[in-house]
Amino acid sequence: MNLIIFLTASLVFGLNSAFYSIISYLIAARMMDTVIAGLNESKSVVIISDKADMIGQALVQRLGRSVTYFEGTGRYSGDKRKAVYSVITRLEEVKLKKIIRHFDPDAFVALANVSELNRGQFIKKGKH
């Protein structure tokens, strides 16, 4: 439906006005998502690195987040690697990336949005 409205607006008011309308619509949609989800949106992170212990320790000390370690074997290389799993807030993502770059710029990092969380184990320990 919005596509029809934008196409009609481009014919009536010109392409520039239609593009500004599209940009305004996208910004408003993102703002509504932020208001609905809140600023404390959570993200899960898996970090696979040869320096997983140091990265995990830094996440606990600097972000006050708990971490879980697990080991896996690479399918192609057959190498055993240690991984770090943790859950952070959206606002801590920049700090997380700085910590990872400091210890291992070549680490494999997978970030995902968390839609539901049992807050019992996620409460922050007052770091920053």
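This is a predicted model: local features need pLDDT of at least 70, side-chain atom pairs count only at pLDDT 80 or more; totals for chains, interfaces and linings use all residues.

**Core.** I started with the largest nonpolar core, which has 15 residues, and found that Ile47, Leu59 and Leu96 touch the most other members. A nonpolar core here is a set of buried Ala, Val, Leu, Ile, Met, Phe, Trp, Tyr and Cys residues joined through side-chain atoms within 4.5 Å. Buried is under 20% relative accessible area, exposed is over 50%, and partly exposed is in between (1.4 Å probe, protein chains only). I then checked who contributes: β1 (42–49), α3, β3 (80–89) and α4 each give two or more residues to this core. The largest share, 5 residues, is from α3.

**Ground rules.** Residues are numbered from 1 along each chain as its sequence is written, and side-chain values use heavy atoms, with hydrogens and water left out.

**Leu96.** Next I listed the contacts of Leu96, skipping its neighbours within four places in sequence: Val45, Ile47, Leu59, Leu63, Ile88 and Leu111. Contact means heavy atoms within 4.5 Å.

**Overall layout.** I counted 4 helices and 4 strands in the chain, in the order α-α-β-α-β-β-α-β from the N terminus. Helices (H or I, at least four residues) and strands (E, at least two) are DSSP runs, numbered from the N terminus. Of the chain's 128 residues, 27% count as buried. I also looked at contacts with a separation of 6 or more: 70% of them are between residues 24 or more positions apart.

**α3 on α4.** How do the axes of these two helices cross? I get roughly 145° for α3 (residues 52–63) and α4 (residues 93–103), with the axes coming within 10 Å. Axes are lines fitted to C-alpha atoms, for helices over the stretch in contact, and angles run from 0 to 180 degrees between N-to-C directions. The crossing of α3 past α4 is right-handed, which has the near helix turned clockwise from the far one by less than a right angle. On the α3 side I noted Met54, Ile55, Ala58, Leu59, Arg62 and Leu63, and on the α4 side Lys95, Leu96, Ile99, Ile100, His102 and Phe103. That contact splits into 9 nonpolar, 1 polar and 2 charged residues. For the classes, Ala, Val, Leu, Ile, Met, Phe, Trp, Tyr, Cys and Pro are nonpolar, Asp, Glu, Lys and Arg charged, and the others, Gly among them, polar.

**Salt bridges.** My search of the whole structure gave 6 salt bridges, each a side-chain nitrogen of Lys or Arg within 4 Å of a carboxyl oxygen of Asp or Glu. I followed up some of them.

- Glu93 and Lys43 meet at 3.8 Å, N to O. Glu93 sits in helix α4 and Lys43 in strand β1, 50 residues apart. Both Glu93 and Lys43 are buried.
- Asp50 pairs with Arg81, closest N and O atoms 3.1 Å apart. Asp50 is in the loop between β1 and α3, Arg81 in strand β3, 31 residues apart. Asp50 counts as exposed because its relative accessibility is 65%, and Arg81 is partly exposed at 35%.
- Asp53 pairs with Lys82 at 2.7 Å between the closest N and O atoms. Asp53 belongs to helix α3 and Lys82 to strand β3, 29 residues apart. Asp53 is partly exposed at 42%, and so is Lys82 at 28%.

I also found that shared partners join Lys43, Glu93 and Lys97 into one salt-bridge network.

**Loops.** Last stop was three loop residues. Arg65 lies in the loop between α3 and β2 (68–73). Buried or exposed? Arg65 is buried, because its relative accessibility is 4%. Its C-alpha is 7.2 Å from that of Ser86, 21 residues apart along the chain.

Arg90 is in the loop between β3 and α4 and is partly exposed at 23%. Arg90 and Asn113 are 23 residues apart in sequence, with 8.8 Å from C-alpha to C-alpha.

Asp79 is in the loop between β2 and β3 and is partly exposed at 36%. Leaving out neighbours within four places in sequence, I see Asp79 in contact with Gly72, Thr73 and Gly74.
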